[in-house]
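Subject: Structure handover

Hello,

Here is the structure I said I would pass on. My notes on it follow below.

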Amino acid sequence: MSDHPPFRKVFDGVATQEQMFQLFDRHRGTPGNDPLSGAPYDGEWFELQGSTYHFMLGLLPPLFMRTGMFGLSEYKAGYVTSVFFAIRIRGRERWFHGFCNLANRRSPDAMRAAIIAYETGATDSMTRAEKLEAIWSAMPVEFKGIAGDRNPDGFPADQHGRRAVLIDTGGQGRDLKALEDLSDAEIEELLAVSRMRRKPRS
């Protein structure tokens, strides 16, 4: 039985180049993560723009290159590195980035297969966990934090160290709430807000 972590979509929509670089560092400062292992990133993926795919292809000599796939020669940490995919799905070319652990040589092919399986499934096929990761990734830094870091009395002691986001409490202003405790309605509302942020202004 493989101990490779499940593949996880961590961004809702198509990431811009700026958003891609933010996603590259999305675990920075998260408690309990070993930044030298690369484990927090292993298996994460998201969709990006075609222009970003080609920009990254020309940035550094690739570690490896196959049809519709290349890996960066600069590792994130440990054996984890960025792999970029160009995949035709339902007749349309699309581009993706995934963090693969090359200690498992089949990881890039497994990642590609997982992306195709996911993207050819139901329209809204993100799991609750993936939606939470997408919210955390898209949330501006001033609207998220770690429970208890700035105000130890703002959260019960047993919740300290958990990720928290600022939510609208409906007429009572805004309040921090643990990411994992968001209701389904709050999740859908925050995803809708993140989609609105990405829409270009006319």
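Is F55 buried, partly exposed or exposed, and why? Please keep in mind that this is a predicted model. F55 counts as partly exposed because its relative accessibility is 36%, whereas buried would mean under 20% and exposed over 50%. The residue sits in helix 2, which covers residues 50-59. F55 also belongs to a nonpolar surface patch, together with F21, L59 and L60. The accessible area of these four residues together is about 320 Å².

An open sheet is formed by six strands, in the order 1-2-6-5-4-3, with mixed pairing. At its edges are strand 1 (8-15) and strand 3 (64-66), each of which pairs on one side only. On average, neighbouring strands in this sheet are turned by 20° against each other, direction ignored.

Strands of a sheet pair through backbone hydrogen bonds, either parallel or antiparallel. For strand 3 and strand 4 (residues 69-77), the sense is antiparallel, with three bridges. M65 has F70 of strand 4 as its bridge partner.

Helix 1 (residues 17-24) packs on the sheet. Its contacts are with strand 1, strand 2 (44-48), strand 4, strand 5 (80-89) and strand 6 (92-101). The direction of helix 1 makes about 160° with that of strand 1.

Last, helix 4 (residues 128-138) is mostly covered, with eight of its 11 residues buried.

Regards

How values were computed
Residues are numbered from 1 along each chain as its sequence is written. This is a predicted model: local features need pLDDT of at least 70, side-chain atom pairs count only at pLDDT 80 or more; totals for chains, interfaces and linings use all residues. Side-chain values use heavy atoms; hydrogens and water are left out. Two strands pair if DSSP finds at least two bridges between them. Helices (H or I, at least four residues) and strands (E, at least two) are DSSP runs, numbered from the N terminus. Axes are lines fitted to C-alpha atoms, for helices over the stretch in contact, and angles run from 0 to 180 degrees between N-to-C directions. Contact means heavy atoms within 4.5 Å. Patches are made of residues with over 30% relative accessible area and no salt bridge: like charges are joined within 9 Å, nonpolar side chains (Val, Leu, Ile, Met, Phe, Trp, Tyr) within 5 Å. Accessible areas come from the Shrake-Rupley method with a 1.4 Å probe; for residues, only the protein chains shown count as cover. A salt bridge is a side-chain nitrogen of Lys or Arg within 4 Å of a carboxyl oxygen of Asp or Glu. Buried means under 20% relative accessible area, exposed over 50%, partly exposed in between (1.4 Å probe, protein chains only).
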